[in-house]
Amino acid sequence: MTTTPVTITRIAATSENAEDKILESLRRDGVAIVTGMFSKDHTDQVIKDLAPHFNSDVIDESGFFPSTTQRATGLFAISRACIDIAMHPLFLSVANRLLTSTYTLYYGPEKHIATSKPIISSTVGFRVNPGGKQQALHRDCTDLHSRPCDWPVMIGCVTALTRTHKNNGATIVIPGSHLWEDEDRIPLVEEAVPAELEPGDATIFVGNLYHAGGTNITQDEWRETVGIFMAKGFYRQAENQYLMVPPERCKELQLTPAELRVLGYGISGPACGFVKYKDPMESIFGIIDEETVRL
């Protein structure tokens, strides 16, 4: 007998104590729908910005994304309107309260408290075309090899650019699955509910919630959304090797594949460190060997 909720809590972005209500829903269900976060003018601008990137996307060879799903990545570099989605004060406040880490340490006899705020993990636009297949149910935090004692380590905010409903591929979620600690428990589609949104609404969820892109059974509706995903800020290198030894310098030095991977240019399985959903070893350095991850 399941105790999974059959609905997703809906909270108006402008409602009193919206931040507290969202956090309460995230802790209880792992997910909340926040209505009215962005205007139609804003979402229309994002649609315009992302169109050429959707149109030039290539099929995901790994099968993680169905061939009917088109993607746009690295949104901070291509759309000011997408940056504004990521920087929405309500979303950032929720992310900071949920994921900010404090740590007590000593330098000799002096006690210090260090603070680490969440950072962008990935930014992705999604277009699910008519006839689109459902994605496999999954947790986003698997890239970070997180365990129940670590949760939550990630938060996602998926904003609708077009009307998003069950029939055109709305994201499906299993409310309450963020509390499952049995690593052998299999998520079932029958347990999932669609996160149905109007343009400008957003689904906010923790990274250990099971979810997936839905099936688009329509013949003439394209479901477009923008996903902003943040993680705890300490999931990165102490010395930023990508700035200290950028790809151009790596090529000048003729670093070996082993040296490039030690610097962090290879994928950490299952898919942490991708660039445009490719292993940088292949997409940046043209290296395809037994350790190259095909995404």
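Mentor: Contact here means heavy atoms within 4.5 Å. The model under discussion is predicted.

Trainee: Against which elements do the buried residues of α1 pack?

Mentor: They pack against the strands β1 (10-12), β2 (31-35), β7 (154-160) and β10 (202-206), and against the helix α4 (89-99). The buried residues in question are A18, I22, L23, S25, L26 and D29.

Trainee: What makes these buried residues line one face of the helix?

Mentor: Seen down the axis of α1, the buried residues fall within an arc of 160°, so they line one face. An α-helix has 3.6 residues a turn, so residues three or four places apart point the same way.

Trainee: How do you know that the length of α1 agrees with its number of residues?

Mentor: Helix α1 covers residues 18-29, and at 1.5 Å a residue its 12 residues should span 16 Å. The end C-alpha atoms are 16 Å apart, therefore the two values agree.

Trainee: How many disulfides does the structure hold?

Mentor: The structure holds 0 disulfides. A disulfide requires cysteine sulfur atoms within 2.5 Å. The cysteine sulfur closest to that of C82 is in C157, 12 Å away, and is therefore too far for a bond. C157 is likewise in no disulfide, its nearest cysteine sulfur being that of C82.

Trainee: Why is C82 called buried?

Mentor: Buried means under 20% relative accessible area. C82 has a relative accessible area of 1%, and is therefore buried.

Trainee: What makes C157 buried?

Mentor: The relative accessible area of C157 is 1%, so C157 is buried.

Conventions:
Residues numbered from 1 in each chain as written. Predicted model: local features only at pLDDT ≥ 70, side-chain atom pairs only at ≥ 80, totals over all residues. Heavy atoms only, no water. Helix = DSSP H or I, 4+ residues; strand = E, 2+ residues; numbered from the N terminus. Expected span 1.5 Å × (residues − 1). Buried < 20%, exposed > 50% of the residue type's maximum accessible area, 1.4 Å probe, protein only. Arc of directions from axis to C-beta.
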